[in-house]
Amino acid sequence: IRFQPQVNAIEPLRKLGLGKISGFKVKTSAAKVGEDGEWMGEEAEGEVLSARYVVWAAGEFQYPRAKEQDPFFPGAELCRHNSSVRSWKELPGDDFVVIGGYESGMDALYNLTTCGKRTTVVSSTAFWKVATDDPSTELAPYTMERVRDGFRRAPTPPRLLAPLRVTSVEYNLTTKGYAVKAKWGAPVEHEGGEHRTAYHGGDAEIEEVGEEGTEVELVTPQAPLLCTGFEGSAALGVVKDLFEWGDEDAGGCLAVAPLLNDFDESTKTQGLFLVGPAVRHDEHIFCFVYKFRQRFAVVADEIARGLGFDTEETVEECREHNMYLDDFTCCKGACGETC
């Protein structure tokens, strides 16, 4: 086990004359916090590791979606991404606008509210009302309970504005504040999936809805918090070129997603496996831990068999505990817009 390493490169090793990958060199450096508070690598203190297989499990949080990238808006660079907040309690200011209403936005809402700060959430979709066959497209029950708790405990309840899409953010040199401009979208009824019924538990009244097409301007003295998600380590990390990627124009779950075989192994680089919320298969997404962890045993099984181990008994035990997901018919659901 290596603590706090920074992976600088992963190089496939190929057998001479065959082109087949025989293993990997993983170049690392010691990770330290620089004077600016950002992590940096000290290559002189690093090492090179050798492995037959590599499982990429670096997650999402350290790789926020670039502010300049679509679907962002003019002035997005004036905002602060939620992943840069070290302490919600010590965050200067007491009046915030949060852009984005999915998991990151609701986490920000809860933390700001419990710290006594006024909070307004602007979201193009009322995710707190979404219910489909696929729970990856809606807020986790734990998250939703935190939102309800925030409303119950806050001296000044937070505001949830949806469907409201931000069109621009501007900085006012005179007032030293920020103006968040947005436009109301068409109202949407979230009726639930084929096998589920939407249950709001009294949440229907917690949001504010405006007339479609009208514009609003929210003013805040602090930089708006951008809670619009992450690109992830597969897309922005050192393994990007070791994966093939889905066609952006094709749409669906595999658009701009790393392409994997049935064992979550890269279709481009044999021996490199992906685990975590970036895993996709056909029209199935595995965003949340209670879904993608069911694929861990599939990866482990493929690696173990490749090393010559008999895995039959262990695989059956995993199946008995519903922790070996290789039949996707049991998790059929819509491909959501959130992942």
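Here are a few notes on this predicted model.

1. Ground rules. Numbering starts from 1 along each chain as its sequence is written, and side-chain values use heavy atoms, without hydrogens or water. As the model is predicted, local features need pLDDT of at least 70 and side-chain atom pairs pLDDT 80 or more, while totals for chains, interfaces and linings use all residues.

2. Overall make-up. The protein chain carries six helices and 16 strands (DSSP runs, H or I of at least four residues for helices, E of at least two for strands, numbered from the N terminus). Of its 339 residues, 43% are buried (under 20% relative accessible area; exposed is over 50%, partly exposed in between; 1.4 Å probe, protein chains only).

3. Strand 10 (residues 177-184) pairs with strand 12 over six bridges (pairing takes at least two DSSP bridges), and V180 sits opposite L218 of strand 12.

4. Salt bridges. The whole structure has 15 of them (a Lys or Arg side-chain nitrogen within 4 Å of an Asp or Glu carboxyl oxygen). K27 and E11 come to 2.9 Å, N to O; they tie strand 2 (residues 21-33) to strand 1 (residues 5-14), 16 residues apart. D94 pairs with R118 at 3.7 Å, linking the loop between strands 5 and 6 to strand 7, 24 residues apart.

5. Within helix 6. E316 and R319 also meet in a salt bridge, at 3.7 Å. The two lie three residues apart in helix 6 (residues 312-320), so about one helical turn separates them.
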